[in-house]
Structure formats: C-alpha cells, structure tokens
Amino acid sequence: MLGIDTCLAEVMSIPGALGAMLVDHTSGMAVAFSSASGVDADRSAAALTEALRATTDGLARSCPGDVVRIDDMLVTTDKGHHLLRLLETVFEGPLVIYVRLDRERSNLALARHRLQNISSALTTK
C-alpha cells in the first residue's frame, strides 16, 4: 500500500503534472499537497469538494432513481486539464486525488491510467 507522501510523488511524476493534492471528501480539507507556490491548498480543496458535490447532485437529479457514483472527473481549461479521482480508503474516509496538468505537455489518457493505478495502490490493504 502506498503512503500519502509516496502517492503525491507518484502523481507528480505523471508527465505534465503541475500540482497535486489529496483531499478529504467529507470535510473538504487538504490532506496533503504538492504544488506551485501561490496556491491556497485549503481554499482549493474546499472548492474542489464543492464542485464534486454539485456534480454528484446534478447527475443524481438528472438520473432519478439511479445510484450515482463518480469514479473520476475531468475539467479542461484553456491552459490545462484538471483530473479528480475519487476513492474509498482504509483511512478515515473518502479521499480525492487531484492533479493539475499542463495542456501542452500532458497525455490525458496516460494521466487517467496512472491515476487509476495510483489510487488502486493507495487503497490496497
């Protein structure tokens, strides 16, 4: 099983990674982060949590009666890709792995595949 620091190092080794964060999905607090200076990890973590909650709520309302479970979420902006991977852990509760990728230097398919592998290694007992 990966530790939190090793997990962040693995995420940051994804080609084109500019920043990474582990977020407690329940509280919206940053558990750990590795990013460029100037990023307020606590505010960013809270905002990412709210975006995930809004997306989950919107999908649930769009699919009444269905159970909505998001595996990952992608937002593409003019400068980059933002990937969020939700996972259940052996820690206190659900975590979200977030990575910000440079749009020109990253490979989105590779990044998603690597996040899946990292999240599996993080949750393996």
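Predicted model: local features only at pLDDT ≥ 70, side-chain atom pairs only at ≥ 80, totals over all residues.
## Strand 1 at work in the sheet

Strand 1 and strand 5 run antiparallel and are joined by seven bridges.

Seven of the eight residues of strand 1 are buried, which leaves the strand mostly covered.

Five strands make an open sheet in the order 2-1-5-4-3, and their pairing is antiparallel. Strand 2 (29-34) and strand 3 (72-76) are the edge strands; each has a single partner, so one side of each has no neighbour in the sheet. On average, neighbouring strands are turned by 15 degrees against each other, with direction ignored.

## Strand 4 and its two partners

Which strands does strand 4 pair with? One is strand 5, joined to strand 4 by eight bridges in the antiparallel sense; in this pairing, Arg85 has Ile97 of strand 5 as its bridge partner. Another is strand 3, which pairs with strand 4 over five bridges, also antiparallel. Strand 3 and strand 4 form a hairpin with three residues between them. Across this pairing, Met73 stands opposite Leu84, and Val75 faces His82.

Is strand 4 buried or exposed? Eight of its eight residues are buried, so strand 4 is largely enclosed by the rest of the structure. Gly80, His82, Leu84 and Leu86 point one way from the strand, while His81, Leu83, Arg85 and Leu87 point the other way, and all of them are buried.

His25 is found in the loop between strand 1 and strand 2. With a relative accessibility of 17%, His25 counts as buried, because the cut-off for buried is under 20%. Leaving aside residues up to four places away in sequence, His25 touches Thr49, Leu52, Arg53, Leu86, Pro94, Leu95 and Val96.

One of those contacts, Leu95, belongs to strand 5 and is itself buried, at 5% relative accessible area. Leu95 and Cys63 are 32 residues apart along the chain, and their C-alpha atoms are separated by 24 Å.

## The largest pocket

If you are looking for an opening in the structure, the largest pocket has a volume of about 160 Å³. The residues lining it are His25, Leu52, Arg53, Thr56, Val68, Arg69, Ile70, Leu86, Leu87, Glu88 and Pro94. By type, the lining splits into six nonpolar, two polar and three charged residues.

Which element gives the most to the lining of this pocket? Helix 2 does, with three residues. Helix 2 (41-62) and strand 4 (80-87) each supply at least two lining residues.

Terms used:
Residues numbered from 1 in each chain as written. Heavy atoms only, no water. 1 Å grid on protein atoms, 1.4 Å probe; cavity = no way out; pocket = protein on both sides within 12 Å on 5 of 7 lines; lining within 4 Å. Points joined across faces, edges and corners; volume = space filled by probe spheres on them. Helix = DSSP H or I, 4+ residues; strand = E, 2+ residues; numbered from the N terminus. Nonpolar A, V, L, I, M, F, W, Y, C, P; charged D, E, K, R; others polar. Pairing = 2+ DSSP bridges. Axes fitted to C-alpha atoms, helices over the stretch in contact; angles between N-to-C directions. Buried < 20%, exposed > 50% of the residue type's maximum accessible area, 1.4 Å probe, protein only. Contact = heavy atoms within 4.5 Å.
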